[in-house]
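Student: Could we go through this model together? I would like to start with the overall form and then turn to individual contacts.
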Amino acid sequence: VAAAAAAAEATAKAEAASKEAAAQMAKEKEEVARQASQSVLSLQETLAAKDSQAQQLEQQVKQLAEAVQEGSVKTQAYDDQLVNVITEKEKLQQMVDALQAQLAEANNATRQAEAAAAAAAASWAPFPTCRCGP
């Protein structure tokens with residue numbers, strides 16, 4: 001009977017230890033699940049923050065691309081204006097050169113006319129002024 005009582009007591013102790021171990025395992029399992037849930041929430045928050053940052057960066061890249069495009073268009077317009085100004089300057093320089101050549105020709109013709117007038121005046125100088133008439 002003592003052996004049966006000892007066996008019953010050992011069985012009861014084993015059952016109690018088993019129940020205690022099961023309860024401890026359940027607590028640990030619950031704690032692991034809670035920590036895993038917190039980790040998932042933390043990762044979701046981090047992912048949401050990174051997604052927001054990625055969207056902001058994407059918007060900034062888009063704005064920069066638009067600014068670069070606008071700058072490129074303006075640069076092309078300035079380049080076109082510069083080409084037009086250079087072309088106009090070249091035309092004006094050609095006109096100035098032509099006018100200077102015409103002025104030189106006119107000055108030369110004036111000098112020749114003055115020289116001819118002076119020569120004509122000199123050729124008439126030895127003759128007295130004609131007093132024709134009564």
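Student: What radius of gyration does the protein chain have, and what would a compact globule of 134 residues have?
Tutor: The protein chain has a radius of gyration of 56 Å, while a compact globule of 134 residues would have one near 14 Å. The radius is taken over C-alpha atoms, and the globule rule is 2.2 Å times the number of residues to the power 0.38. This is a predicted model, in which local features need pLDDT of at least 70 and side-chain atom pairs count only at pLDDT 80 or more, whereas totals for chains, interfaces and linings use all residues. Residues are numbered from 1 along each chain as its sequence is written, and side-chain values use heavy atoms, with hydrogens and water left out.

Student: What box do the C-alpha atoms fill?
Tutor: Along the principal axes, the box is roughly 195 × 20 × 15 Å.

Student: What share of the residues is buried?
Tutor: Buried residues account for 0% of the 134 in the protein chain. Buried means under 20% relative accessible area, exposed over 50%, and partly exposed in between (1.4 Å probe, protein chains only).

Student: How much of the accessible surface belongs to carbon and sulfur atoms?
Tutor: Carbon and sulfur atoms hold 61% of an accessible surface of about 12000 Å². The areas come from the Shrake-Rupley method with a 1.4 Å probe; for residues, only the protein chains shown count as cover.

Student: Changing topic to charge: how many positive and negative side chains are there?
Tutor: There are 12 positive and 18 negative side chains, and the centres of the two sets lie 3 Å apart. Lys and Arg count as positive and Asp and Glu as negative, with His and the chain ends not counted. Each charge is placed at NZ of Lys, CZ of Arg, CG of Asp or CD of Glu.

Student: How many salt bridges does a search of the whole structure find?
Tutor: The search finds three salt bridges. The criterion is a side-chain nitrogen of Lys or Arg within 4 Å of a carboxyl oxygen of Asp or Glu.

Student: Let us take Glu9 and Lys13; what is their N to O distance?
Tutor: Their salt bridge has an N to O distance of 3.4 Å. Glu9 and Lys13 are separated by about one helical turn, because they stand four residues apart in helix H1. Glu9 is partly exposed at 47% relative accessible area, and Lys13 is exposed at 55%.

Student: Which residue does Glu31 pair with?
Tutor: Glu31 forms a salt bridge with Arg34, with 2.4 Å between the closest N and O atoms. Both lie in helix H1, three residues apart, about one turn of the helix. Glu31 is partly exposed at 31% relative accessibility, as is Arg34 at 39%.

Student: And Lys74?
Tutor: Lys74 forms a salt bridge with Glu70, the closest N and O atoms being 3.4 Å apart. These two are four residues apart in helix H1, again about one turn. Lys74 is partly exposed at 43%, and Glu70 is partly exposed at 47%.
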